[in-house]
Amino acid sequence: MTDGNAEMSRRAFLTTAAGTAATAGAAGTAAAQESGGGGGSTTTVTVGPGGDLVYEPGTNEPLQITPGTTVEFVWDSDNHNIVVDSQPDGANWQGHETIENTGFTYTHTFETLGTYEYYCAPHQSAGMVATIEVVESISTPAPSNVPEVPDSAKTLGVATTFAMVATLGLAFFFLKYGGDYELDEE
């Protein structure tokens, strides 16, 4: 192999490696942008699920959403309503005070940051009260049931990474310095 051919091979190798890395980076960025999140989404609250006197989610712990989220309230049992007890200054949520039955739906888009408290008038004394918190970003707690990665798997990962880097290093070396060897013909 002559020096000109070695240079072209090295260039081709580096161009291909750079192109592959750029393509993978662009694909990762596009996937992250598509997954998105935040405002503009829709969340469902079930009113009286299975006949229980609760809003699900919202009764046992606050429902957290971001500004611009539309909440769809879906009645799963009869004789419920939504009476707004308190809301942040500047918010315009009216609730739905008319008693409705199974199958009814009501939606509202929450824009103002803060805490919204509401209840079902016929069942307030039974504990059918709930809270919605509109926050800038939703924090996700760390899951408690994630399995620990064994040390042997970590060691295997490090060894595999080293082997891959060593192979790429050798490939580069052979592309740069390798070539045809002239044999003495006698």
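**The whole chain**

Before selecting anything, note that this is a predicted model. Display the protein chain as a cartoon: its secondary structure consists of 2 helices and 9 strands. In what pattern do these elements follow one another along the sequence? Reading along the sequence gives α-β-β-β-β-β-β-β-β-β-α. The chain has 186 residues, of which 24% are buried. Among contacts between residues at least 6 apart in sequence, 67% join residues at least 24 apart.

In soluble globular proteins, nonpolar side chains tend to be buried together. Select Tyr55, Phe73, Ile82, Trp93, Phe110, Tyr118 and Ile132 and show their side chains; within the largest nonpolar core, which has 20 residues, these touch the most other members. Next, colour the strands β1 (42–47), β3 (63–65), β4 (69–75), β7 (105–110), β8 (114–119) and β9 (129–134), each of which supplies at least two residues of this core.

Now centre the view on Phe73. Setting aside residues up to four places away in sequence, Phe73 touches Val45, Val47, Ile82, Trp93, Phe104, Thr105, Tyr106, Tyr118 and Ile132.

**Pairs of strands**

Select β5 and β8, which pair in the antiparallel sense over 3 bridges. Here Val84 stands opposite Tyr118, a residue of β8. How many bridges join β8 and β9? There are 6 bridges, and the pairing is again antiparallel. Within β9, find Thr131, which has Glu117 opposite it.

**A buried glycine**

Move to Gly95, located in the loop between β5 (80–86) and β6 (96–100). Is Gly95 buried or exposed? Its relative accessible area is 12%, and a residue counts as buried under 20%, so Gly95 is buried. Beyond its neighbours within four places in sequence, Gly95 is in contact with Ile82, Val84 and Tyr106. Display the C-alpha atoms of Gly95 and His108 as well: these residues are 13 apart in sequence, and their C-alpha atoms are 8.2 Å apart in space.

**Two details of the backbone**

Select Glu56 and Pro57. The peptide bond from Glu56 to Pro57 is cis, with omega near -5°. Pro57 belongs to the loop between β2 (55–56) and β3.

Continue to Asn79, in the loop between β4 and β5. Asn79 is a residue other than glycine with a positive phi, near 65°. Its relative accessibility is 43%, so Asn79 counts as partly exposed.

**The surface**

Finally, switch to a surface display. The protein chain exposes about 12,400 Å², and carbon and sulfur atoms supply 55% of this area. Which residues make a nonpolar surface patch of about 470 Å²? Select Leu170, Phe173, Phe174 and Tyr177 to see the patch. One of these residues, Phe174, lies in helix α2 (residues 151–177).

Terms used. Residues are numbered from 1 along each chain as its sequence is written. This is a predicted model: local features need pLDDT of at least 70, side-chain atom pairs count only at pLDDT 80 or more; totals for chains, interfaces and linings use all residues. Side-chain values use heavy atoms; hydrogens and water are left out. Helices (H or I, at least four residues) and strands (E, at least two) are DSSP runs, numbered from the N terminus. Buried means under 20% relative accessible area, exposed over 50%, partly exposed in between (1.4 Å probe, protein chains only). Contact means heavy atoms within 4.5 Å. Accessible areas come from the Shrake-Rupley method with a 1.4 Å probe; for residues, only the protein chains shown count as cover. Patches are made of residues with over 30% relative accessible area and no salt bridge: like charges are joined within 9 Å, nonpolar side chains (Val, Leu, Ile, Met, Phe, Trp, Tyr) within 5 Å. A salt bridge is a side-chain nitrogen of Lys or Arg within 4 Å of a carboxyl oxygen of Asp or Glu. A nonpolar core is a set of buried Ala, Val, Leu, Ile, Met, Phe, Trp, Tyr and Cys residues joined through side-chain atoms within 4.5 Å. Two strands pair if DSSP finds at least two bridges between them.
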